[in-house]
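Visitor: I have a new model open and would like to learn how to read it. Could you walk me through the features one at a time?

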Amino acid sequence: MADLRHSSLRYELRADLEEERIRQKIAERTSEETIRIYSLRLFLNCIVLAVLAACFYAIYRATIFSQEHMKKEIDKMVFGENLLILYLPSIVITLANFITPIIFAKIIHYEDYSPGFEIRLTILRCVFMRLATICVLVFTLGSEITSCDNYSCELCGYNQKLYPCWETQVGQEMYKLMIFDLIIILAVTLFVDFPRKFLVTYCSSWKLFRCWGQQEFAIPDNVLGIVYGQTICWIGAFFSPLLPAVATLKFIIIFYVKEISLLYTCRPSPRQFRASNSNFFFLLVLLIGLCLAIIPLTISMTRIPSSKACGPFTNFNTTWEVVPKMVSTFPSSLQSLVHGITSEAFAVPFFMIICLVMFYFIALAGAHQRVVVQLREQLSLESRDKRYLIQKLTEAQRDMRNRLD
């Protein structure tokens, strides 16, 4: 435990020194260098946006293609073709989630950020990519459900002929995303990580395998995978009530598979993630996933008419109508309480109190951040003093040896 704590302190000190070096480098930049680096960052961010747009468009086209072919006689297709059509959106999403982090990791090296900000920006881009792909899939399905082409939607408000139970269709897509994500994780662990460990260990004489190296266990990447699966569960739980049970079983399997992979195939990442930043940052990522999950659910519950052929909301125009209907069955005193909580007289003061509490915590966080900056500067100054003293001591010892000689 003491060695681990000492290693962590050494890493923190190296990170602080690196941050100090980056800050000094930024302060010494000329105007031409500043203009050049900001122009390069603007160009690279345009490339990032182009990559995101291309991935979103590919998911959109794959979903449209899958839905159009599922409307045909899919039972007459070959088994492989049938499976490919069913899982095409999931395949495209998985490929996008696999390729884009590699592209973002290559791009970030040219943007000249500090190491800590570089990691956080890369993770945020990957988070947005992973979670936004789910929203693109859901919104594409919603546009297909509400588009009627040559059919009339005046009676039900959605394409009842092609999607008699559209909630079931959305739930199936979330279920396929969950299952396909599990298959990919198991396949990568069993057919990539273990063979890679075997080749690197027993074929180390080959230069190719030495360059390839052993698999690194990156905590942020694995946490992002969990957040991605959690977001799928949040969106799909409304359309497929048994999906949380499937997600629980999936996470249990992934936990033990990742544990075995960590113990036998992985090595620690050379670029560690600060423990002081991890809790807040991962909670922020989870909050982003929750917000992105609420948006399509809110739109589907309030804007898209509920299915008339199946489901518990067949007697309601929209799913949200069940809420005021249920409130009307409450006792009068409880109805008054609910109406009071949802009224402006309660909402405005509550919002103001929440804003004051938020501003207080923001100010508190700012004060803590200033203290952290001062402590880092103090550590940096102490490290400089130690290096100066060591240099002087080395020079004194050298002079002493020269005199003795």
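Guide: Let's begin with the order of elements along the sequence: the protein runs α-α-α-α-α-α-β-α-α-β-α-α-α-α. That comes to 12 helices and two strands. Keep in mind that this is a predicted model.

Visitor: What share of the 405 residues is buried?

Guide: Buried means under 20% relative accessible area. Here 35% of the residues in the protein fall into that class. The accessible surface is about 25800 Å², and carbon and sulfur atoms account for 67% of that area.

Visitor: And how do I read the contacts along the chain?

Guide: Look at how far apart in sequence the partners sit. Among contacts in the protein with a separation of 6 or more, 73% join residues 24 or more positions apart.

Visitor: Where does UniProt place the feature "transmembrane region"?

Guide: The unreviewed UniProt entry gives that feature to residues 42–63, 84–110, 122–142, 174–192, 234–257, 278–299 and 346–367. It's handy to hold such a record against the model. Residues 122–142 are 100% helix and 0% strand, with end C-alpha atoms 30 Å apart. For residues 84–110, the span is 93% helix and 0% strand, and the end C-alpha atoms lie 38 Å apart.

Visitor: Which residues of the largest nonpolar core touch the most other members?

Guide: A core here is a set of buried nonpolar residues joined through side-chain atoms. The largest one has 51 residues, and those touching the most other members are Phe 104, Met 129, Ile 134, Trp 166, Met 174, Leu 177 and Ile 232. At least two core residues come from each of helix H2 (31–70), H3, helix H4 (115–146), H5, helix H7 (219–239), H8 and helix H9 (275–302). H4 gives the most, with 14 residues.

Visitor: Now the charges. How many salt bridges does a search of the whole structure find?

Guide: Two. One joins the side chains of Glu 173 and Lys 176, at 3.0 Å from N to O. These residues are three apart in helix H5, so about one helical turn separates them. Glu 173 and Lys 176 are both buried.

Visitor: Which side chains meet in a salt bridge at 2.6 Å, N to O?

Guide: Those of Lys 250 and Asp 181. Lys 250 sits in helix H8 and Asp 181 in helix H5, so this pair ties together parts that are 69 residues apart in sequence. Both Lys 250 and Asp 181 are buried.

Visitor: What else does Lys 250 touch?

Guide: Leaving out residues up to four places away in sequence, the list is Met 178, Asp 181, Leu 182 and Gly 229. Lys 250 has a relative accessible area of 2%, so this lysine is well under the 20% limit for buried.

Visitor: Let's finish outside. Which residues form the nonpolar patch on the surface?

Guide: Val 188, Leu 190, Phe 191, Val 192, Phe 194, Ile 260, Leu 263 and Tyr 264 form the patch, with about 800 Å² of accessible area together. Two or more of these residues come from each of helix H5 (166–202) and helix H8 (243–264). H5 supplies the largest share, five residues.

Visitor: Why does Phe 191 count as exposed?

Guide: For exposed, the cut-off is over 50% relative accessible area. Phe 191 reaches 64% relative accessibility, so this residue counts as exposed. Phe 191 is placed in helix H5.

How values were computed
Residues are numbered from 1 along each chain as its sequence is written. This is a predicted model: local features need pLDDT of at least 70, side-chain atom pairs count only at pLDDT 80 or more; totals for chains, interfaces and linings use all residues. Side-chain values use heavy atoms; hydrogens and water are left out. Helices (H or I, at least four residues) and strands (E, at least two) are DSSP runs, numbered from the N terminus. Buried means under 20% relative accessible area, exposed over 50%, partly exposed in between (1.4 Å probe, protein chains only). Contact means heavy atoms within 4.5 Å. Accessible areas come from the Shrake-Rupley method with a 1.4 Å probe; for residues, only the protein chains shown count as cover. Patches are made of residues with over 30% relative accessible area and no salt bridge: like charges are joined within 9 Å, nonpolar side chains (Val, Leu, Ile, Met, Phe, Trp, Tyr) within 5 Å. A salt bridge is a side-chain nitrogen of Lys or Arg within 4 Å of a carboxyl oxygen of Asp or Glu. UniProt positions are given in the numbering used here, feature names are shortened, and annotations may be inferred rather than shown by experiment. A nonpolar core is a set of buried Ala, Val, Leu, Ile, Met, Phe, Trp, Tyr and Cys residues joined through side-chain atoms within 4.5 Å.
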